[in-house]
Structure formats: C-alpha cells, structure tokens
Amino acid sequence: MSTNPPDLRPDLARARVTETPRSGQPTIGMVSLGCPKALVDSERILTRLRAEGYGISPDYSGADAVIVNTCGFLDSAKAESLEAIGEALSENGRVIVTGCLGAEPDYITGVHPRVLAVTGPHQYEQVLDAVHAAVPPSPDPFVDLLPASGVKLTPRHYSYLKISEGCNHKCKFCIIPDMRGKLSSRPAHAVIREAQKLVENGVRELLIISQDTSAYGVDIKHAEANGHRAHITDLARDLGSLGAWVRLHYVYPYPHVRNLIPLMAEGLVLPYLDIPFQHAHPETLRRMARPAAAARTLDEIAAWRSDCPDITLRSTFIVGYPGETEQEFQTLLDWLDEAQLDRVGCFKYENVAGARSNALPDHVPEEVKQDRWDRFMEKAQAISEAKLAAKVGSVQQVIVDDIDEDGIATCRTKGDAPEIDGCLFIDERTEGLSVGDIVSVEVDEAGDYDLWGSLTLRG
C-alpha cells in the first residue's frame with residue numbers, strides 16, 4: 001500500500017533529454033528544473049536548436065555545452081537550481097543558465113562565476129545567442145529537419161500545452177509576475193494548431209498550463225481569429241473536439257469557470273480542476289492579497305459537483321503564512337473538512353527574495369509550520385483514503401504511463417495528473433498493453449493515494 005503522498009513539488013522536478021546525436025554533430029545537453037511551464041520553455045529551446053543542426057545529448061560527457069533551465073520561485077528551489085548548475089559545471093564545465101532564477105544573474109554568478117551566460121525566463125533568442133557563442137552551429141540541410149512535433153521532454157503519449165505566459169495577480173508571496181511579466185495570451189488558433197500537431201503525432205492527453213488558465217484571453221480582449229476565440233471556455237471546447245484527453249491546470253475560481261463544468265459533464269474535457277486556493281481564512285487571504293471568498297467557494301464547489309458528480313478537484317495550500325494564528329489555521333482545517341477536495345498539496349511558507357510577504361509582521365516559527373503541515377496532511381490523507389476506498393468496485397478509464405519488466409502497468413485515471421497525483425496499478429494480464437493505451441479497469445483495492453485494478457475492456 002502507498003503510505004506517502006505523490007510528489008507535490010513540481011518546482012523541484014527534473015527532466016533530461018534522451019535523444020542520441022549523430023557522430024560529429026555539435027551537441028547540447030539540457031537539465032530542465034521547475035514547473036511544467038518551464039518544461040515547455042525547455043522544449044521550445046531544444047526544438048530551435050535541433051532545427052539549427054545541434055544534437056541533443058543525453059548526458060553531460062557527450063555534450064559540448066549544457067543548458068540548465070532553473071526554478072527560482074522558492075528558496076529551496078533556488079538551492080536545488082544552484083546545485084544542478086554546480087553538478088553541470090563539475091561534469092561538463094561549459095554551462096549556460098536560463099529560466100526563472102536567471103532573472104537574478106548576480107545571484108548565480110556570485111556562486112558559480114564560471115557559467116558562460118545567464119538569461120532570464122522565456123528569453124529564447126538570448127539562449128540561442130549564448131549557445132551559438134559557446135558552440136557554433138554546423139547545420140546539415142539533408143538531415144537537420146525540424147521534427148513535426150518538436151523536441152519533447154515528456155513521454156510521447158502526453159504533452160503540456162502552454163496557452164499564456166505571465167500573470168496579472170499581485171499575491172504577496174509570489175514573484176512570478178516580476179520574473180515572467182503580466183498576462184500574455186497566445187492567439188487561440190495558434191494553440192489549436194499546436195494541439196492538432198501534437199495529437200497527430202500520437203499525443204493522447206493535453207495538459208493545459210499557464211500562470212492563470214481561467215484568465216486566458218483577457219489581455220487580448222478575447223480576440224477571435226481564424227475561427228477560434230481566445231476565451232478559456234471556447235478554447236476548452238475546441239481542444240475537446242480533437243479526440244484527446246484535455247486536463248486543465250492552474251484555474252482560478254472566477255465565476256465564468258462554472259461554464260467549463262458542462263463541458264466536463266459532456267466528456268469534452270476531463271472532469272478535473274486544478275485550483276490554487278492557498279488558504280481559507282479571509283484574513284489570511286487578505287494578507288496574501290488574494291480574493292477572500294472561501295465561503296462562496298464552497299458554494300461553487302457544491303454547484304460543480306451537482307453538475308458533474310465525477311469531477312476531481314485538486315489544490316495547493318500554504319500553512320504558516322506570516323500572521324497565521326491557530327484560529328486561522330483551524331478555519332483552514334474545517335474548510336478542508338467541508339470541501340472534501342480529492343487531491344491536495346501543502347507547502348510550509350518560505351520567504352522568497354523580492355516577495356512583499358517577507359516584510360509582513362508575525363512570522364510563524366518553523367516548528368509551528370511543521371506541526372501545522374503535519375496536521376493538514378493527516379487530514380488530507382484521511383480524505384484521500386476515504387475517497388479512493390469509495391472507488392473500489394467501480395470501472396475507471398485509465399491511461400497507461402509505464403509497463404515495467406515484471407509486466408506491472410502504471411496508469412492514471414481521469415482524476416490523476418502526471419507526477420503530482422496518484423496512480424492506478426495493474427499487475428495481471430497486461431500482455432498486449434502499450435504505453436499510451438487508454439483502457440477500462442475495475443478497481444479492486446485502494447490505498448491512501450493509489451489504486452489497484454484489473455483490466456476489463458479497451459477504452
């Protein structure tokens with residue numbers, strides 16, 4: 001039985017490429033840290049480099065230089081980014097740094113003065129210029145063709161699809177707007193075109209990401225072009241017509257979000273919402289500079305479940321925020337009891353360089369943060385265990401992520417996103433299954449965060 005929660009810290013996730021370059025080709029290695037939005041940035045950089053004739057090295061020793069795409073959101077993530085840069089310098093010696101931590105070049109060079117260049121987030125041209133300076137390209141027009149679906153750092157059967165960059169919120173604990181700017185939405189037809197290419201190349205699940213997915217199109221006044229309107233409801237409907245699973249991440253609970261729920265009930269979009277609530281007490285939310293509408297949010301959750309009973313709700317929370325009293329924390333626990341969220345992550349508050357929350361009074365001692373985190377996760381685990389136990393005997397559609405050498409298939413239900421949620425395991429009769437298959441499974445057993453089941457019919 002699983003006794004540990006899934007990885008709830010995507011900011012510390014790593015991804016490396018696995019492509020093998022041809023002999024004599026200039027090669028670049030890539031280590032991609034951070035959230036799925038950073039992973040998309042890494043894929044874009046590698047796709048551009050691949051089109052220019054560079055090979056993508058699967059290890060440090062085979063690379064002429066290494067790009068480290070960093071995370072800079074939390075101090076712990078910064079430390080891991082600095083560690084990754086140091087590892088690349090030790091193993092290769094020629095390192096180009098990009099990503100969110102790149103917004104603080106002096107911070108990086110103060111620790112690692114030998115890096116070749118430092119660029120900030122989504123500065124693709126500057127990264128390419130740095131690569132050109134370090135490793136001049138040697139294009140071969142006969143073999144260096146841009147892959148139809150680009151270079152991917154995720155498995156072939158699912159892909160992250162970024163629909164916008166930046167954020168208009170001013171949460172006091174967050175520096176994302178300082179690093180990535182204000183909301184900047186992609187044209188809807190460009191998103192749909194990319195999604196179509198992904199599906200044509202075998203992608204069976206599209207994971208929609210941005211800093212604020214429900215605000216998509218606000219900055220371009222929901223412009224319509226080539227038959228597609230830049231509004232999240234329209235975009236979700238259009239994406240749902242492509243035949244792949246569509247999963248929505250980072251959705252703020254604006255009133256118009258309720259218009260997405262019928263699409264989920266119809267099966268056009270997966271019945272899954274990833275909503276960063278962060279807290280439930282109105283005073284804590286006020287100090288965070290977030291909308292203080294926890295009570296109304298409970299009404300919204302009830303309405304969503306009424307319209308789509310199968311909906312899975314996941315969220316993240318912060319405990320130990322400056323000024324958080326025991327009463328405020330208890331309000332959060334009581335709210336969680338009532339909300340009964342399916343998937344929950346929790347962070348202990350950390351100061352982040354440049355965040356306005358650093359200057360707030362009454363910072364919570366570390367031992368109190370740890371105690372509250374433990375109590376929060378104990379309650380969240382009990383809710384998860386009960387919800388999964390209720391699924392025993394049901395039939396679930398799952399997507400196959402992996403089949404190991406013993407024939408055990410690791411899958412995900414419609415209520416599980418890769419890396420951050422639980423899994424469903426099939427340990428018998430998996431002959432003939434392939435990664436990327438969508439199949440029907442009867443749930444036989446449930447743990448705290450994972451399920452086990454038996455194969456029934458192909459999906």
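Modeller: A residue is called partly exposed when its relative accessible area lies between the limits for buried, under 20%, and exposed, over 50%. Lys379 has a relative accessible area of 24% and therefore counts as partly exposed. The model in which this residue is seen is a predicted one.

Lys379 forms a salt bridge with Asp337, and their closest N and O atoms are 3.0 Å apart. Because Lys379 belongs to helix H12 and Asp337 to helix H11, this pair ties together parts that are 42 residues apart in sequence. Asp337, with a relative accessible area of 37%, is partly exposed.

A further pair is formed by Glu326 and Arg375, whose closest N and O atoms are 2.6 Å apart. Glu326 lies in helix H11 (residues 326-339) and Arg375 in helix H12 (residues 366-389), so the bridge ties together parts that are 49 residues apart in sequence. Glu326 is partly exposed at 38% relative accessibility, and Arg375 is partly exposed at 25%. Salt bridges with shared partners join Glu326 and Arg375 with Glu324, Asp371 and Arg372 in one network.

In total, the structure holds 21 salt bridges. One of them links Lys162 and Asp41, with 2.7 Å between the closest N and O atoms. Since Lys162 is in strand E7 (residues 158-162) and Asp41 in helix H1 (residues 36-51), that pair ties together parts that are 121 residues apart in sequence. Both Lys162 and Asp41 are buried.

Conventions: Residues are numbered from 1 along each chain as its sequence is written. This is a predicted model: local features need pLDDT of at least 70, side-chain atom pairs count only at pLDDT 80 or more; totals for chains, interfaces and linings use all residues. Side-chain values use heavy atoms; hydrogens and water are left out. A salt bridge is a side-chain nitrogen of Lys or Arg within 4 Å of a carboxyl oxygen of Asp or Glu. Helices (H or I, at least four residues) and strands (E, at least two) are DSSP runs, numbered from the N terminus. Buried means under 20% relative accessible area, exposed over 50%, partly exposed in between (1.4 Å probe, protein chains only).
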